[in-house]
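The exercises below are to be worked through with the sequence and the model side by side.

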Amino acid sequence: MNTQHSTDTILAHEGRSHSQLGVPVNPPVYRQSTLLFESIEALKVASGTPNAYGRGGSPTTRSLERTLARLEGAHRALLTPSGLSAITTSLLAVLNPGDHLLMTDSVYDPTRSFCAGTLARLGIETTYYDPAIGADIAALMRPNTRAVFVESPGSLTFEVQDIPAISQIAHRHDAIVMMDNTWATPLHFRSFEHGVDVSIHAATKYISGHSDVMMGAILTTEALYPKINHLYRQLGMTVSGDDAYLALRGLRTLSVRLERHQRNAHAVTEWLAKQPEVAEILYPARPGSPGHALWRRDFTGACGLFGVVLHPQSDESIRSMLDGMTCFGMGYSWGGFESLILRSSPSSYRTATTWPWKGPLLRIHAGLENPDDMIADLEAGFERLRVATLTQMEA
């Protein structure tokens, strides 16, 4: 495919086989475990390569890997069964006993659990740092610091990190930079152009886009690919051809879906900002929100995920608000076509920083529904909250 094509054209065409006439628009699903060979010599040639056995992937999985790598400017991509497995596999591949890891304090909570459990058991020390640290991360670097992990924006508290500044310091100390880039997707943050060495995605979310696939993706530089691929193969990581097909089909519409998600998020956050119960909007793409200047400098777009901090409210009032939502579902994950709302408590696990807000945090994913319907649902929810608050005051 022409290397000069734009992102939208790559999304529509990349990953398709060009080895035969009459190529299907969508690469077929290869369901395979045992692969048969016509001779001992052919079996010998394939032995030890991904083409010897189904666990090594299939033409379907490789189509998705090739497309993701091209979109973000990576050397290669590897698919895993979940976003968390992509994170843990990458960390295990680059860290050894006695190494030191710098981890952003805004990180996805299961990653924190992995650091406190498995990595600590292996003799790998983790230090958490303020996501706003920027170039000052130099003060935390040690001779045995092997990796700096960033997540920008944080998927719960939405801090935008200065990735170029952090990468420059990390590389000066011979440490690699690993990034959870799920929020921005390969379309809106070209991680490798900003100094990232390993970009990780929960492909479960926007890449798949339809809330029916569990998948992770590891994108790497050429220098790190052999090391990560070696552990990836040893752990037996693989995904099914069916899931890869669904994710690739979802990827085709990523650009248009993100455009709608961002437009809907903008409409909803503008309405929310006018509500007296709202203390802060955490959406970097919105002017005036924390991190907006860095987002505008480094990102080319946004998604539909954001946070809303309320002024202090009782648990009963929040319950009254959320239990009656009809457009916004309550559930974990995000990045699908549907809108979601979830109460979060970041103060319960921060260690390097203190969560500054006293009121509850609502994480909202603006889906693809009509924004007027989302606003009407939120308006009814706030009215239930107000009635519940007034009832408590009168009791």
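**Exercise 1. Determine which residues of helix H8 are buried, and what they pack against.**

Step 1. Helix H8 spans residues 225–234, and its buried residues are Tyr 225, Ile 228, Asn 229, Leu 231 and Tyr 232; buried means under 20% relative accessible area, exposed over 50%, and partly exposed in between, with a 1.4 Å probe and protein chains only. Helices (H or I, at least four residues) and strands (E, at least two) are DSSP runs numbered from the N terminus.

Step 2. Because these residues cover an arc of only 165 degrees around the axis, they sit on the same side of H8, the arc being that of the directions from the helix axis to the C-beta atoms.

Step 3. The partners of this buried set are helix H3 (59–72), strand S1 (76–80), helix H4 (83–94), strand S6 (198–201) and strand S7 (216–220), where contact means heavy atoms within 4.5 Å.

Step 4. Just after H8, a positive phi of about 70 degrees is found at Gly 236.

The model is predicted, so that local features need pLDDT of at least 70 and side-chain atom pairs count only at pLDDT 80 or more, whereas totals for chains, interfaces and linings use all residues. Residues are numbered from 1 along each chain as its sequence is written, and side-chain values use heavy atoms, with hydrogens and water left out.

**Exercise 2. Locate the salt bridges of Asp 99 and Arg 297, and describe the exposure of Asp 99 and Arg 297.**

Step 1. A salt bridge is a side-chain nitrogen of Lys or Arg within 4 Å of a carboxyl oxygen of Asp or Glu, and by this rule the count comes to 13.

Step 2. Asp 99 pairs with Arg 146, their closest N and O atoms being 3.6 Å apart. This pair links distant parts of the chain, since Asp 99 lies in the loop between H4 and strand S2 (100–104) and Arg 146 in strand S4 (residues 145–151), 47 residues apart. Asp 99 is buried at a relative accessible area of 8%, whereas Arg 146 is partly exposed at 33%.

Step 3. In the salt bridge between Arg 297 and Asp 162, the closest N and O atoms are 2.8 Å apart. Arg 297 belongs to helix H11 (residues 292–298) and Asp 162 to the loop between S4 and helix H6 (163–172), so the pair ties together parts that are 135 residues apart in sequence. Arg 297 is partly exposed, with a relative accessible area of 48%, while Asp 162 is buried, with 19%.

**Exercise 3. Describe the volume and lining of the largest pocket.**

Step 1. The largest pocket has a volume of about 590 Å³. On a 1 Å grid over the protein atoms alone, a pocket is an open set of points with protein on both sides within 12 Å along at least five of seven lines, a cavity is a set where a 1.4 Å probe fits but cannot get out, and lining residues have an atom within 4 Å of a point. Grid points are joined across faces, edges and corners, and a volume is the space filled by probe spheres set on the points.

Step 2. Of the 30 lining residues, the closest to the centre of the largest pocket are Tyr 108, Asp 109, Pro 110, Ser 155 and Arg 363.

Step 3. By class, this lining has 15 nonpolar, ten polar and five charged residues; Ala, Val, Leu, Ile, Met, Phe, Trp, Tyr, Cys and Pro count as nonpolar, Asp, Glu, Lys and Arg as charged, and the others, Gly among them, as polar.
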